[in-house]
Amino acid sequence: MSNSASLADDGMNTIQKLFRWLAVVLFIYFLLIAVGMIGAGFKAAAGDSAKEIFKFAANPFLGLLIGTLCTALIQSSSTVTSIIVGLVAGGMPVTVAVPMIMGANIGTTITNTLVSLGHVRNKEEFQRAFAAATVHDFFNLMAVFVFLPLEIMFGLLQKSSGFFLQWISGGDSISMKGMNFIKPITKPVINVIQDALSFLPGILPGVTLAVLGVVIILLSITLVGKLLKVLMVGKVKEFLHRMIGRGPLAGIASGTVVTVAVQSSSTTTSLMVPLVGTGVLKLRDIYPFTLGANIGTTITALLAATAVIGDHAGLALQIALIHLLFNISAVVILFGLPLTRNIPIKLAEGFSVIAAERKTLAITYILGMFFVFPGLMVFVFR
């Protein structure tokens, strides 16, 4: 009887897993449709006025702050970068989008900093946890300080991504017409939604389509993340125990793989904070893992770019490649050079000592760094 019950439970678990994986595939499909909706909707609403609309973000510093603020509010760089891909598909210049992508990298670190507050009652635990959280902040800030000036002066990432895109497309242009295999499964659905909204007056069909796209992206990425956490949690834990502490390259690789698996850098880096806080792992053990999470999170934007159709499809893929190149280059240069490798660790450790003594400073830091300062600067520079 017990064997029969056990077999029945196993069968139910298998069916549940199957349905969850099917739901993951369905929500990824919704994500692809949503990115196409944003591009099509913005193009329909803005038309020839797109350049004028994006003048407000032509200041790279402003674009960086917008990316930071939006990601901090949504708490998902994957969502924000997918939306940026959709906006590029709708006409946003790549030069405007690059600082926003960099800002998304900064804004995504808020989640693990908030997680560290869970240890605030124990001074020693909080000090370790806060250091584990802010090492991600300091690394991403350093990456922006190095690469944003290079991008403004030389267009380093834009030129590099253009080279890779030409190589991928196999021609002199960056058109994706011959490569887009997603179009046949997304375009018909987008057309149906556009037709359903055509009764609205003026620019409302385009605006509504774009807004619906943003909402669907938010829901899809959130639900995919939750499903993957349920499906992968056991495998992820086993993988982490095997890989963490085996050296920097293993740490970076494991951070990348785990983030691709759960589709959320916030989730993977937040997993590390309590482990460091309770003393299970050391800050230096999880530092490379955090950098790998930066690389792994770029998969969502790359996936989203495959959904883009039309004249700007190549540019949408280019901004996704820029996100990937930015994070890989930052790891190679800032972590690869002994001179800069330990700077984020030293800054995080020093800051955590002060924050552990003055816990209100930690709250002030979170509010100021991710919300107040970016919000005020956006208001000033708009």
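View 1. At 3% relative accessibility, Thr 269 counts as buried (buried is under 20% relative accessible area, exposed over 50%, partly exposed in between, using a 1.4 Å probe on protein chains only). This is a predicted model, where local features need pLDDT of at least 70 and side-chain atom pairs count only at pLDDT 80 or more, while totals for chains, interfaces and linings use all residues. Residues are numbered from 1 along each chain as its sequence is written, and side-chain values use heavy atoms, with hydrogens and water left out. Thr 269 sits in helix α12 (residues 265-277); helices (H or I, at least four residues) and strands (E, at least two) are DSSP runs numbered from the N terminus. A polar atom of the Thr 269 side chain is 2.8 Å from the backbone oxygen of Ser 265. Setting aside neighbours within four places in sequence, Thr 269 is in contact (heavy atoms within 4.5 Å) with Asn 112, His 136, Thr 290 and Ala 293.

**View 2. Thr 79 on helix α4.** Here's another threonine: Thr 79 belongs to helix α4 (residues 77-89). Which residues does Thr 79 touch, not counting residues up to four places away in sequence? They are Ile 74, Ile 217, Leu 218 and Ile 221. With a relative accessible area of 1%, Thr 79 is buried.

**View 3. The nonpolar cores.** The largest nonpolar core has 81 residues; a core is a set of buried Ala, Val, Leu, Ile, Met, Phe, Trp, Tyr and Cys residues joined through side-chain atoms within 4.5 Å. Ile 84, Val 85, Met 102, Ile 217, Ile 286 and Ile 319 have the most contacts inside this core. Zoom in on Ile 84 and you'll find it touching Ala 97, Met 100, Ile 101 and Ile 319, not counting residues up to four places away in sequence. There's also a second, separate core of seven residues, with Phe 27, Val 224, Leu 227 and Leu 228 among them.

**View 4. An aromatic cluster.** Phe 126, Phe 130, Phe 138, Phe 351, Tyr 365 and Phe 370 form one aromatic cluster. Across the whole structure, a search turns up twelve aromatic pairs (ring centres of Phe, Tyr and Trp, the last by its six-membered ring, within 6.5 Å; planes under 30 degrees apart are stacked, over 60 edge-to-face, the rest tilted). The rings of Phe 351 and Tyr 365 have centres 5.1 Å apart and planes at 75°, so this pair is edge-to-face. Phe 351 lies in helix α17 (residues 343-357) and Tyr 365 in helix α18 (residues 359-381), so the pair ties together parts 14 residues apart in sequence. Both Phe 351 and Tyr 365 are buried. Tyr 365 also pairs with Phe 370, with centres 6.2 Å apart and planes at 75°, so that pair is edge-to-face too.

**View 5. Helix α11.** Helix α11 (residues 248-262) has 15 residues and reaches 21 Å from its first C-alpha to its last, close to the 21 Å expected at 1.5 Å a residue (1.5 Å times one less than the number of residues). Its buried residues include Ala 250, Gly 251, Ile 252 and Val 262.

**View 6. Stepping back to the chain.** The protein chain comes to 18 helices and zero strands, and 50% of its 382 residues count as buried. Mean pLDDT (the predictor's confidence in each residue, from 0 to 100) is 83. Over residues 172-179, pLDDT stays under 50, and the model has 16 contacts beyond four places in sequence for them.

Methods
A polar contact is a pair of N or O atoms within 3.5 Å; within protein, one must be able to donate a hydrogen and the other to accept it, and residues adjacent in sequence count only if both atoms are side-chain atoms.
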